[in-house]
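This briefing goes through one structure by topic. The sequence and coordinates are shown first, and the notes follow.

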Amino acid sequence: MVARTEIRNLEGRKMVSSIGMIVLLVSFSMLFATLLLGYAIYRLTSDVWPPMGMQRVPLFLPTVSTFIIAVSSLSLWKFEKEFELKKEQILLPLYLVTLTLGAAFMGVQFKLWASMKAMGLYVEAGIFPSLFYTLTWIHAAHIVAGLLGLLLMIPAIIKQDFDEKATLVANVSKFWHFLGIVWFLMYVVMFVL
Amino acid sequence: MAFFEQHMHAKPTTFLSKYIFSYDHKVIGKQFLWYGIFFLGVGGIMALMIRWTLAFPGVPFPMIGQFLFPETGGVVPPDTYAMLFTMHGTIMIFYAITPILIGAFGNFLIPLMIGARDMVFPLLNMLSFWIAFISGLLLLAGLFTPLGAAAGGWTSYPTLSTLIGSPGVGQTLWALAIFVLGVSSTMGAVNYITTIIVLRAPGMGYFDMPLSVWGLGLTAILNAIFIPVLGAGVLLLIFDRVFGTTFFLAGAAATSGTGDPILFQHVFWIFGHPEVYILILPAWGIVSDLLSFFARKPAFGAKATALSMTSITILSTIVYGHHMFTTQMSPLLTQSFMTLTMTISIPSAIFFANWLGTIWKGSIRFHSPMLFSLGVVFVFGLGGLTGLYLGTVTTDLYLHDTYFVVGHFHYTMAASVLLGGFAACYFWMPKMFGTMMNEFWAKVHFWITMLGLNGIFMGMMVVGYAGMHRRLYNPFVYDFMANLVPINTFITWSAIVMGLAQIIFVVNFVHAVFFKKEKSSDNPWEVGTLEWTIPSPAPHYNFKDLPVVKCGPHEYGNPNLTGDRDFQYQTEELA
């Protein structure tokens, strides 16, 4: 009986925090939706895009970022599955892959900003660089939060607290996948189109 | 519902854990209440300075004028006037009304009314208060910067709010304060929504929740969805000011594409119109409950009231364009927004009729919470009807940016929300602090406030209709407005009287909280909702045993009731 209440409580807590996380992600998606809407309006009301004297940002680095974040999402998804199944051996490699890819994404973002500067696209130079820097900054700030979330999972992996930490793992992955989706939208809207 | 046993913290013993960093939703509610009352005072004094300037141009502000504006001999200077109306609007909306209705009563009422022991995320709840506190400090810090506080209006439209319009740090601090407050509100919203979904007592369906909880829950949904929109807007404004981006700079450079000041207005009002309902929905919910409690009748059409509030919530998200009829939108768009805006009158009329249906032939008890609730019905009626003129493109083009607008939104947002807040204060006082406020002085407070605010806002509509522009330091330099000075004097005297009446409330409140010996009974108003089944003030962890809900919140006059009771507790089942 005690065990059953315990399980019920764990299930309850997991459900509660996933509802909380979903509400939070709705909030975040409104933030990014507003930013992307702003982007769309600036772009659609502009006579030429990019504005005169500026070049498009080359697709190479953003494509690399997209690839990295997609793979990291996959590995984290696999990690979450294995965490639920309590498979100890495979957890650490999957976790390290995700963390490394997450850090690599940030690295590529810094490279992207440096390359934009090299192209003469400075933040103050007009609406075109303003948009690119601001949107990628805000996304990167969330990536940093996501990385901190990933670091929070270390004790769970070391102590193998599968029941207690299931909620944390589920929430961090939700947040990470969300950031992946946002990046993909940004990639298509800002860099490809 | 009640998916799990909530973790119970040990009863706090130290001063810090009990009153400062408390996890208890009731204490956090009270913290928000004091916070809101403090800012209500600050914003109120600013309002009086604005009114003083309009009634007595060039006359020093009494008492504190000499101290605040020594370089002009106590007269409010023109640039300070702009800061005053900016800060008054910001403080009243974001730092007074929001913390009192959503922060204080949302936190206090939701767990008590749905039969939970606390919010679902107590730590998040505590953080949300302290982040709001930091935001308040940031905002007030603006007042002490070299070029003064923000002065771009509470809407902070660019170009008034860009570095060109307001070069000082005050405006940056304003934007930062709003962003930080948004973070706090979002945390609150996550907490409220999750709590309402999972912690309702066993047996409590959504329609068994009191309408106050409906109002607060819908508010939380709007908050979760639309605060981030404002967040994005002010974030871009901060970037414009700090990092030199050009989002809102018109014609920044012909070759590099230009920013667009109007975009800020779109973003602001996509948030701003739902914000009106964020503020008013809790008051509506509370009034819907109180009218039934004090008319000793079931709330007429309670389900329809809840559903009307829900449809208003949904409609509120697609009408924001009516704030921008004069920004050269396409006529097709203005007409669409006008039509959608008018659609809101349908659900509004439904629940307004339900309010009247609730008090119709009731055995009304005119206690102070009821008086304030009836006050809300009256002022909200006026506010809603005057809204029709502003939602219609043709009349709005004339009335735009006049005092008619100021009168309208003060009726809907200031008057009705304030009265709703007072109703809630007087009503839940016993559950919050264990004492009742003095009923006689409460009634005196009500009548003076009611007369005062109608004098102010009705007067504003009259001068607005006569063409008096808002935001002008001295509109009477224009000949056609010179003869509006007497009525402005009348408005100002009404404001002073209303302002002084609030001292009655503060004294009554402070006396009841700190000095009154006489404890109130557990259920002084004879009401059946869950919070009245427990002792006053509500004990640590609210419910010793979680209640099981058997009926709705407004059950009156059941023939099977025994004794001289006319109400039924939500935990009772009568055939």
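With which side chain does the side chain of Ser173(A) make a polar contact? The partner is the side chain of Glu80(A), at 3.3 Å; a polar contact is a pair of N or O atoms within 3.5 Å, where within protein one must be able to donate a hydrogen and the other to accept it, and residues adjacent in sequence count only if both atoms are side-chain atoms.

The model is predicted: local features need pLDDT of at least 70, side-chain atom pairs count only at pLDDT 80 or more, and totals for chains, interfaces and linings use all residues. Residues are numbered from 1 along each chain as its sequence is written, chains are lettered from A and ligands numbered from 1 in the order in which they are written, and side-chain values use heavy atoms, with hydrogens and water left out.

**Ser173(A)**

- Ser173(A) sits in helix H6 (residues 166-192) of chain A; helices (H or I, at least four residues) and strands (E, at least two) are DSSP runs, numbered from the N terminus.
- With a relative accessible area of 1%, Ser173(A) is buried; buried means under 20% relative accessible area, exposed over 50%, and partly exposed in between (1.4 Å probe, protein chains only).
- The backbone oxygen of Val169(A) is reached by the side chain of Ser173(A) at 2.4 Å.
- Apart from its neighbours within four places in sequence, Ser173(A) has Leu76(A) and Glu80(A) in contact, where contact means heavy atoms within 4.5 Å.

**Interface of chain B and chain A**

- The size of an interface is often given as the accessible area lost when the parts come together.
- Between them, chain B and chain A bury about 2800 Å², with 76% of it on carbon and sulfur atoms; buried area is the accessible area (1.4 Å probe) that two parts lose on being put together, summed over both.
- Helix H6 (169-198), helix H7 (211-242) and helix H8 (261-295) of chain B are the elements that give two or more residues to the side of chain B that touches chain A.
- H7(B) supplies the largest share of that side, ten residues.
- By class, the side of chain B that touches chain A holds 23 nonpolar, eleven polar and two charged residues; Ala, Val, Leu, Ile, Met, Phe, Trp, Tyr, Cys and Pro count as nonpolar, Asp, Glu, Lys and Arg as charged, and the others, Gly among them, as polar.
- The contact involves 36 residues of chain B and 34 residues of chain A.
- Five residue pairs are in polar contact across the interface of chain B and chain A (both at pLDDT 80 or more).
- The number of salt bridges between chain B and chain A is zero; a salt bridge is a side-chain nitrogen of Lys or Arg within 4 Å of a carboxyl oxygen of Asp or Glu.

**Salt bridges**

- Over all chains, the structure holds nine salt bridges.
- Glu84(A) and Lys14(A) form a salt bridge through their side chains (3.8 Å, N to O).
- Since Glu84(A) lies in helix H2 (residues 60-84) of chain A and Lys14(A) in helix H1 (residues 2-44) of chain A, the pair ties together parts that are 70 residues apart in sequence.
- Glu84(A) is partly exposed at 44% relative accessibility, and Lys14(A) is partly exposed with a relative accessible area of 25%.
- Lys78(A), Glu82(A) and Lys87(A) are joined in a network of salt bridges.
- In chain B, the side chains of Asp401(B) and Arg471(B) form a salt bridge (3.1 Å, N to O).
- That pair links distant parts of the chain, 70 residues apart: Asp401(B) is in the loop between helix H13 (393-399) and H14 of chain B, and Arg471(B) is in the loop between helix H15 (439-465) and helix H16 (479-482) of chain B.
- Asp401(B) is buried, with a relative accessible area of 18%, whereas Arg471(B) is partly exposed, with 30%.
- A salt bridge also joins the side chains of Glu572(B) and Arg565(B) (2.9 Å, N to O); Arg565(B) is partly exposed, with a relative accessible area of 28%.

**Aromatic pairs**

- There are 74 aromatic pairs over all chains; rings of Phe, Tyr and Trp (its six-membered ring) pair if their centres lie within 6.5 Å, and planes under 30 degrees apart count as stacked, over 60 as edge-to-face and the rest as tilted.
- The rings of Tyr81(B) and Phe85(B) are edge-to-face because their planes stand at 75°, with the centres 5.6 Å apart.
- Tyr81(B) and Phe85(B) are four residues apart in helix H4 (residues 78-114) of chain B, so about one helical turn separates them; both are buried.
- Phe372(B) and Phe422(B) form a tilted pair, 5.6 Å centre to centre with 50° between the planes.
- Phe372(B) in helix H12 (residues 368-391) and Phe422(B) in helix H14 (residues 403-433) of chain B are 50 residues apart, and the pair links distant parts of the chain; both residues are buried.
- One aromatic cluster includes Phe372(B) and Phe422(B), with Trp34(B), Tyr426(B) and Phe515(B) also among its members.
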